[in-house]
Amino acid sequence: MKILSIQSSVAYGHVGNSAAAFPLQRLGHEVWPVLTVHFSNHTGYGAWRGPMLPAADVAEVIAGIEDRGVLGSADAVLSGYQGDPAMGAVILDAVATVKATNPAAVYCCDPVMGDAGRGMFVRPGIPEYLRDTVVPRADIITPNHFELDFLAGRTTNSLAEVLDAVDVVRATGPRHVLVTSVLHGDLPPDSLEVVAVSDEGAWAVTTPLLPINPNGGGDVTAALYLAHLWTTGSPATALERTIASVYAVLEATLAAGTREIQLIAAQDVIADPPARFTARRLR
């Protein structure tokens, strides 16, 4: 698989492309990382250094790839945090260019906006831009529960309500939806779910709730789900493999007591996901 991944980059730690590229490569896929920022570290530390690249410069990098005559051979475009509509426009232009040559290519968008307990943490107007302009153009989206509720314009407290919200969002364009960090009243204590929905059906995996919420976990999840979905063609299998790997990475991170996810230390469970969680069919 060839993946054009348009995301942020950090020198220290793992978020954006610095979280997504290595797992994809460890699975044997070719990644073309296009950087939207290059910071010293992720912004969760409260201080960082380095440049935010202008949208025009990012477009130039993509145009350079196109000059090599290979852009249309990409199987997928992957994007994460979009801090500015101008950057979003560059990403959507790249998607259109890739699909013009390869209609089978897919666009996987992690619509980063906010989180439960924190609310929205992007600039005003970005959530609406993602909802109204970007998400309808995506084939696969990977929102967390909080972001799903915003995209669907409702608050969901049960699994049935989550599925209804997914249906609302899928009606706008994306066929595959992976909802992470799902918390609802039907769950056992200290558990959470991840839900995958496509034209083929809906599935959920339930995991213990780990006392950890590091930066970069969503970036890894989106990348792995894209890769496993493309490789297997099965949302249920992609869900199982993705969550097995991400959960093991989070366990390693918790054991190490670090703020940065342990991608390198846990790379074997990325390359060969253990058969640890079973997806149950919801419909």
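Analyst: Start with burial. A residue counts as buried under 20% relative accessible area and as exposed over 50%, with partly exposed in between. This model is predicted. Phe277 has 12% relative accessibility, so Phe277 is buried.

User: How do I read aromatic pairs, and how many are there?

Analyst: Two rings pair if their centres lie within 6.5 Å. The count here is three aromatic pairs. Take Tyr12 and Tyr45: the centres are 6.4 Å apart and the planes at 50 degrees, so this pair is tilted. Tyr12 lies in the loop between strand 1 and helix 1, and Tyr45 in the loop between strand 2 and helix 2. They are 33 residues apart, so to speak distant parts of the chain are linked.

User: Is Tyr45 buried or partly exposed?

Analyst: Partly exposed, because its relative accessibility is 30%. The charged end of Arg259 also sits over the Tyr45 ring, 4.1 Å from the ring centre.

User: What geometry do Tyr247 and Phe277 show?

Analyst: Edge-to-face, with 5.3 Å centre to centre and 80 degrees between the planes. Tyr247 is in helix 8, while Phe277 is in the loop between helix 9 and strand 11. Tyr247 is buried, because its relative accessibility is 7%.

User: What lines the second largest pocket?

Analyst: Its lining includes Thr36, Met52, Tyr81, Asp84 and Arg123. Strand 2 and helix 3 each supply at least two lining residues. By type, the lining has eight nonpolar, two polar and two charged residues. The pocket volume is about 180 Å³.

Conventions:
Residues numbered from 1 in each chain as written. Predicted model: local features only at pLDDT ≥ 70, side-chain atom pairs only at ≥ 80, totals over all residues. Heavy atoms only, no water. 1 Å grid on protein atoms, 1.4 Å probe; cavity = no way out; pocket = protein on both sides within 12 Å on 5 of 7 lines; lining within 4 Å. Points joined across faces, edges and corners; volume = space filled by probe spheres on them. Helix = DSSP H or I, 4+ residues; strand = E, 2+ residues; numbered from the N terminus. Nonpolar A, V, L, I, M, F, W, Y, C, P; charged D, E, K, R; others polar. Phe/Tyr/Trp six-rings, centres within 6.5 Å; stacked < 30°, edge-to-face > 60°. Buried < 20%, exposed > 50% of the residue type's maximum accessible area, 1.4 Å probe, protein only. Lys NZ or Arg CZ within 6 Å of the ring centre and 35° of its normal.
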